[in-house]
Amino acid sequence: MAEIRDRVNKKAFINFLENLGIEVHFDTKARGNSGFCTGKRIDISKNLPEEQVIDVLLHEFAHYVHFKLEPDIVKTDGTLEKLFDTNDVRTIENELFQITQIVFDSIQLRKIEKLKSSISDKIAEQREEIKKYYPDFQAGKTFKEFEKFIKHSNAKYLLKYDCVIIRGGWFSHNVTISIKSLDDDFPSMPKAFSAYIKMKSYERKRNRLTARKSKFVRYLKKPTELFARFFQFCCSDIEAAENLAPTAFKRFQQLKNDGYYPYLNDFENECLVSDGTNA
């Protein structure tokens, strides 16, 4: 049996959305996303490959359905309790996040993890360099020898920043120092100390990547995103959706059959072409 996304008539779907009072645009960058829904307007990125348009339309339509259930989702991101009309959502949330990780092609997350791994290797290299001269060095403890040295050096500013401009006085010029030119800027600095400063720089970069990943995961776990990707996945592979998210799928089907989700049954009636299996 053909899946729902394969049976969607694109023209009928767009007409259906427009009849609901939604403006559908294909000539924008969708705010840097594949698609974007405001509740009254859906933008599909003009850079999106044609074969992905239906999937993104389905995703944004799910957001619109959610808007009708919870009009303030722009501020609140919505709730799974309202989306599935139940207070017991722990299992549902876990199932939906599993689906999200399948639907969402996590290129950005993979890049972040790859960069973090590379940076962790560089941190380890700098630690080994320090231990050549200070075998008892431990990253989590105060490096007393370094602390004693650095208080008298402008290199201390590089413990917080990768590049610093040191303002000159009346008769001197500004001086720029950076992690990239550390060895040239401070040629007399012991190698163990320059390695320590480089290690701290790499740690800052890794921390920033960790923060980026956490922010991205929080976005993926927003109830409105979990629901939209779940609906998108159901339309693409209903059997897999039932197997991977049995609790969420069963509840979704019950509510859909009862007409709980605005316009969802109308969508199926007006936008899908015949299955063709009985032709």
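**Helix packing and strand pairing in a predicted model**

Q: Which residues of helix H14 (residues 264-271) are buried?
A: This is a predicted model, where local features need pLDDT of at least 70 and side-chain atom pairs count only at pLDDT 80 or more. Buried means under 20% relative accessible area (1.4 Å probe, protein chains only). In H14, the buried residues are Leu264, Phe267 and Cys271.

Q: At what angle do H11 and H13 pack?
A: Axes are lines fitted to C-alpha atoms, for helices over the stretch in contact, and angles run from 0 to 180 degrees between N-to-C directions. The axes of H11 and H13 are 12 Å apart. H11 is therefore roughly perpendicular to H13 (65 to 115 degrees). The angle is about 85°.

Q: Which residues of H13 make the contact?
A: Contact means heavy atoms within 4.5 Å; hydrogens and water are left out. H11 brings Phe227, Phe230, Phe231 and Cys234. From H13 come Ala248, Phe249 and Phe252.

Q: In which sense do strands S1 (residues 23-28) and S3 pair?
A: Two strands pair if DSSP finds at least two bridges between them. S1 and S3 have four bridges. In S3, arginine 41 is the bridge partner of glutamate 23. The sense is parallel.

Notes. Residues are numbered from 1 along each chain as its sequence is written. Buried means under 20% relative accessible area, exposed over 50%, partly exposed in between (1.4 Å probe, protein chains only). Helices (H or I, at least four residues) and strands (E, at least two) are DSSP runs, numbered from the N terminus. Angles under 35 degrees count as roughly parallel, over 145 as roughly antiparallel, 65 to 115 as roughly perpendicular and the rest as oblique.
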